[in-house]
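Biologist: Can you walk me through this one? I would like to start with a helix and then move to the strands.

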Amino acid sequence: MVAPRWVLTAAHCVRTNGVDFDAGTLFVALGHLNRYATPAETIAVRAVHVHDGYRSDIYQNDLALLELERPSAQAALDLAKNAEMERLRRGSPDEALRALGWGQTENTSMSTLLQQVDLDYVSPSQCARHWNNLGSGQLCAGEMNPVAGVDQDTCRGDSGGPLVYRDGDRTWL
């Protein structure tokens, strides 16, 4: 959530075959870690706003805002500005980013509990060696220094969940 009435997600989570999902069929569940528990809030979606420059073939501008019917009482995350992005680029890349989601785990079913993984910031030049279709506004994260040889990553189904930058006691989306 980026503001009391706005939730940021991935465009590919709310658009299929070039058609946006009907907002009347969507809701957001806020303030819980267990997918099956009763959330603190359930709010209907008023409108779906997909980025005008979204390209589904290469996931460029893969952003959508969900406009909520009413404001949420939950705390919104601050969006990283130029200063935070500069600190991320100049700071230690090791596990500077955290991804969250309910995606599939090792047993191939969706997770009941919200999962998190700490990932390294990957510079654009290093990232371009692996992916040739990245735009200048995209950010790369991955496990560049596996601890005890264990790779960590996001899972299938984590799409649309947040990737946050943490610096001290502050967190930005």
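Modeller: In helix α1, E86 and R89 sit three residues apart, which means about one helical turn separates them. Helices are DSSP runs of H or I with at least four residues, strands are E runs of at least two, both numbered from the N terminus. The model is predicted: local features need pLDDT of at least 70, side-chain atom pairs count only at pLDDT 80 or more, and totals for chains, interfaces and linings use all residues. Residues are numbered from 1 along each chain as its sequence is written, and side-chain values use heavy atoms, leaving out hydrogens and water.

Biologist: What do the side chains of E86 and R89 form?

Modeller: A salt bridge, 3.2 Å from N to O. The term requires a side-chain nitrogen of Lys or Arg within 4 Å of a carboxyl oxygen of Asp or Glu.

Biologist: How many salt bridges are there in the whole structure?

Modeller: The search finds 12. Among them is D118 with R166, at 3.3 Å. That pair joins strand β8 to strand β10, 48 residues apart.

Biologist: Is D118 buried or exposed?

Modeller: D118 is buried, at 17% relative accessibility, whereas R166 is partly exposed at 27%. Buried means under 20% relative accessible area, exposed over 50%, and partly exposed in between, with a 1.4 Å probe and protein chains only.

Biologist: Switching to the sheet, what is the strand order?

Modeller: β9-β8-β7-β10-β11, an open sheet with antiparallel pairing. Two strands pair if DSSP finds at least two bridges between them.

Biologist: Which residue in β11 is the bridge partner of R166?

Modeller: T171.
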